[in-house]
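Visitor: I have a structure open and would like to learn how to read its features. Please take me through them one by one.

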Amino acid sequence: MSAVVVLLFFLPPTILAMFLIWNSSKKQRKPLKIPPGNIGWPFIGETIAYLKPHLATSMGEFMEQHISRFGKIYSSNLFGEPTIVSADPELNRFILHNEGRLFECSYPRNVRQILGEWSMLVVVGNMHREMRTISLNFMSHARLRKQMLREVERHILLVLNSWEDDSTISTQEEAKKFTFNLMAKYILNLDPGKAETEQLKREYVTFMKGMISAPLNLPGTAYKKALQSRSCILKFIGQKMEERRSSTYDECKKIEEDDLLGWVSKQTNLSTEQILDLILSMLFAGHETSSVAIAFSVYFLECCPKAVHQLREEHLEIARRKKQLGEFGLSWEDYKQMEFTQCVINETLRLANVVRFVHRRALRDVQFKGYDIPRGWKVIPDFAAVHLDPSLYHHPQEFNPWRWKTGSSNATTTGTSNFMPFGGGPRLCAGLELAKLEMAVFLHHLVLNYRWESDEPDHAIAFPFPHFTKGLPIKVHTIT
Ligand code: HEM
């Protein structure tokens, strides 16, 4: 019989109560088993070393050293807070799938201030659910098939058709041009090349620089300029809303149904402030990420002629069939035929790690694999470290699209396996299907119409965002 049961019988109630309190406080005082790690310098901790620029296709020296010294789950002090970093795929999934219950999205102050308190990437709870429903409906499967595919292809052709034979282009810039124009059209019905679109683009560039700068709100700093650009962009979107409200034309009513601004104003009870932040976060989420992914696909393919050959064969087959049927423009059925292309996309996302990690906070004390994660601690699920883990991916540094072929060990669904380029759980990327569509259609027209080679050696750096230091210059040759 245990000691507690004996006490239940023999001790008077007050003494029993005291015993139980003592017993439970003794339990609370049990030392926590925090994962091993290093606290680093006061306040800044190990943040500088964690964010130190390194090759985007590697997990970086800091991560490698910490994993080999402490294991895949370790503690640190990052972004001014005690932090648990996870390169463990099971813990990463556990964190993402327990959003709102055990963990919550928690981005640093500078990101929150620039993106806005109502940004979809920042809000939690009911507001997040409401905004998520809006964006998922807006980018629904039906809309992707019926409207977005056509628009995606039109914007890609606009960019690719401007490339002259034997000219040198900056892949990164061209990809950004495409995704920005697409998002501007999709969100605010702005046409490429128009003065207002170009003005928005300029403000957006300044805004982005602030996202990656130190949060010093002093005259002349990138952060201050970014906050000013944020105000200009919000003013611009606000004016568009006003124009729509005051307009009585049927034409405007039609646009309202088609772009996100119209959609969101009609379908929800969000305040103007909330709508503005939602629109801005969609512009950010949808533009920076896909453009980087497209540039990386061109980069990896350039070093893998066998993959380019197989890709070209797949797209030539689609083009031949369309010619026979007398069809123009890609259809959803064509897109579904792009099997090897999907392998190229997965492999690009695995190696490029467009979003390397996300920010979370523990809402309560959590135990996992024998470790304690204390309530209030910052938690960082690091996807890049998982995607480049040699125990999970054979020769992880190698660009090998064939590893994604059906039947191979890595061929699992995005967000449910060790492969999480789009995050997972209730915050799984709302634009993942659009992103994959953009990449596939871009590759279709690229391999059918161009051969390319590097014009100058370039490499991609992981921080602050994955980017090519020289913009990835390539020489393009038209295929006749
Ligand atoms: C290759 C391209 C892309 C990658 C790698 C990517 C990655 C991600 C990741 C990892 C998250 C989760 C963030 C978190 O958990 O804190 C996310 C969220 C999100 N992404 Fe993407 N994304 C891409 C493209 C897009 C596109 C084209 C859009 C369209 C507008 C988009 C819209 C969003 C939105 C709205 C969220 C917030 C979802 C939520 O909080 O419920 N993304 N993305």
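Visitor: What do the buried residues of H4 pack against?

Guide: They pack against helix H3 (47-51), strand E1 (73-78), strand E2 (81-86) and helix H18 (383-387). Contact means heavy atoms within 4.5 Å. Helices (H or I, at least four residues) and strands (E, at least two) are DSSP runs, numbered from the N terminus. This is a predicted model: local features need pLDDT of at least 70, side-chain atom pairs count only at pLDDT 80 or more, and totals for chains, interfaces and linings use all residues. Residues are numbered from 1 along each chain as its sequence is written, and side-chain values use heavy atoms, with hydrogens and water left out.

Visitor: Which residues of H4 are buried?

Guide: In H4, residues 61-70, the buried ones are Phe-62, Met-63, His-66, Ile-67 and Phe-70. Buried means under 20% relative accessible area, exposed over 50%, partly exposed in between (1.4 Å probe, protein chains only).

Visitor: Why do they line one face of the helix?

Guide: Start with the general idea. An α-helix has 3.6 residues a turn, so residues three or four places apart point the same way. Now H4: seen down its axis, the buried residues fall within an arc of 120 degrees, so they line one face. That arc is taken from the directions from the helix axis to the C-beta atoms. On the other side of H4, Glu-61, Ser-68 and Arg-69 are exposed. Gly-71 follows the helix, with a positive phi near 105 degrees.

Visitor: Which residues other than glycine have a positive phi?

Guide: Most residues other than glycine have a negative phi. Asn-189 is one with a positive value, near 55 degrees. Asn-189 sits in the loop between helix H9 (171-188) and helix H10 (195-211), and is partly exposed at 25% relative accessibility. Lys-369 is another, at about 50 degrees. Its place is the loop between strand E6 (366-368) and strand E7 (371-373). Lys-369 is partly exposed too, with a relative accessible area of 45%.

Visitor: Now the ligand. Which residues come nearest?

Guide: Of the 26 residues around the ligand, the nearest are Tyr-107, His-128, Arg-132, Arg-360 and Cys-429. A residue is near a molecule if one of its heavy atoms lies within 4 Å of it. Helices H7 (125-138) and H14 (272-302) each supply at least two residues of the shell. H14 gives the largest share, six residues.

Visitor: Where does His-445 lie?

Guide: His-445 is in helix H19, residues 432-449. At 9% relative accessibility, His-445 counts as buried. Among the residues it touches, not counting those up to four places away in sequence, are Glu-153, Ile-156 and Leu-330.
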